[in-house]
Amino acid sequence: WAMSGEDANGELARHQSLRSFLPDEGYTWWGPHDDFVIDQHPRGFARLIDAMVQDVIPPGDPRILLNAEVVKVRYGCEGVTVTTRDGRVLSAEQVISTLPLGVLQRRHASLFDPPLPAPQREVLESRGISMGNLTHVVVQFPRVWWDDGMLKWLSANHGSNQSRGEFSLWHNLNHASLLPGSQTLLTFLGDPQSSLYEGMADADVRAALMRRLRAQHPRTRIPDPLSFFISRHGYDPNTHGAYSFFAPGWRDKYFATLTRPLAARCGAAQGGEEVVRVRLAGEAMCDDLSGYTHGGYQSGREAAAAYLHGAGKGPDPRDHDELSLCNW
């Protein structure tokens with residue numbers, strides 16, 4: 001379990017494919033270091049987005065519509081209209097969609113008009129790409145009761161095969177190299193435990209976690225926690241999982257089908273040339289960097305570059321390595 005679940009996407013090993021798993025281009029291109037971010041700024045992970053857009057989107061820019069759930073994307077020769085749940089209709093010549101894979105898989109039939117082409121539907125529904133889940137559980141105590149010199153450890157669990165992966169790997173966030181003084185431990189859950197515990201109330205998850213901790217340390221008096229948090233990516237309707245992964249049956253060639261822009265055939269009684277209207281981006285659409293934040297960033301950048309080139313406002317991405325990393 002520690003080998004397949006600790007540093008992967010939280011799926012059972014038999015559900016994962018080794019095809020295209022290695023080499024991992026992210027580490028090959030930028031080095032082996034994968035540091036844990038300990039910045040405690042109130043904006044958290046959103047600071048990445050702040051930095052990316054600081055030169056083009058000022059704070060409070062009215063062009064950014066927050067809490068605007070998209071329920072329909074209609075595209076045709078006249079352009080694209082995007083309808084939100086509260087009834088707003090936005091028009092554009094082209095749209096770059098960064099909807100997560102889990103949302104596309106569950107809602108593509110109701111979202112797109114006309115529907116996605118049959119080959120793309122087949123890839124989404126049956127070709128071996130899916131959203132995996134890795135659940136973060138953070139618990140803070142009134143005092144440090146563990147060996148504070150240890151950065152992380154793996155605790156053995158007695159019980160069924162399913163229960164052996166429950167609250168086993170512990171990261172000491174109070175370690176001198178991380179967040180000393182936080183008095184906090186971090187652990188992860190992968191499926192099937194992710195789905196089980198994300199569907200439970202916080203109080204029930206916390207009680208189960210404390211039972212495991214106390215069973216793992218029978219000679220230690222462990223106090224009740226001060227604070228507790230569990231992520232619920234799998235139950236979030238805006239994601240349906242943490243990030244994409246490949247299941248047995250996946251082939252690299254399917255990326256070309258999955259990421260093909262949605263186009264309308266216009267002119268000569270609608271039998272003329274194809275006009276691109278919707279481009280698909282996001283971490284799942286970046287072949288070489290899927291599953292990572294920088295894969296989502298790179299995919300969006302390449303989709304924007306393709307639009308600008310098609311509009312005569314930018315270089316051909318195929319001539320620039322930095323604009324072609326997703327399909328290197």
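A: The second largest pocket holds about 540 Å³ of space. The model is predicted: local features need pLDDT of at least 70, side-chain atom pairs count only at pLDDT 80 or more, and totals for chains, interfaces and linings use all residues. Residues are numbered from 1 along each chain as its sequence is written, and side-chain values use heavy atoms, with hydrogens and water left out.

Q: Which residues are closest to the centre of that second largest pocket?
A: Thr259, Glu302, Ala303, Ala306 and Asn327, out of 19 lining residues. (Lining residues have an atom within 4 Å of a pocket point; a pocket is an open set on a 1 Å grid where a 1.4 Å probe fits, with protein on both sides within 12 Å along at least five of seven lines.)

Q: Which element gives the largest share of the lining?
A: α9, with five residues. α8 (254–258), β14 (274–280) and α9 (293–310) each supply at least two. (Helices are DSSP runs of H or I, at least four residues; strands are E, at least two.)

Q: And the lining by class?
A: Ten nonpolar, five polar and four charged residues.

Q: Switching topic. At what angle do α4 and α5 pack?
A: About 115°, with the axes of α4 (101–111) and α5 (118–126) 10 Å apart. That makes α4 roughly perpendicular to α5 (the class covers 65 to 115 degrees).

Q: Which residues meet there?
A: Leu101, Leu104, Gln105 and His108 in α4 meet Arg121, Leu124 and Glu125 in α5 (contact means heavy atoms within 4.5 Å). By class, that contact has three nonpolar, two polar and two charged residues.

Notes
Axes fitted to C-alpha atoms, helices over the stretch in contact; angles between N-to-C directions. Parallel < 35°, antiparallel > 145°, perpendicular 65-115°, else oblique. Nonpolar A, V, L, I, M, F, W, Y, C, P; charged D, E, K, R; others polar. Points joined across faces, edges and corners; volume = space filled by probe spheres on them.
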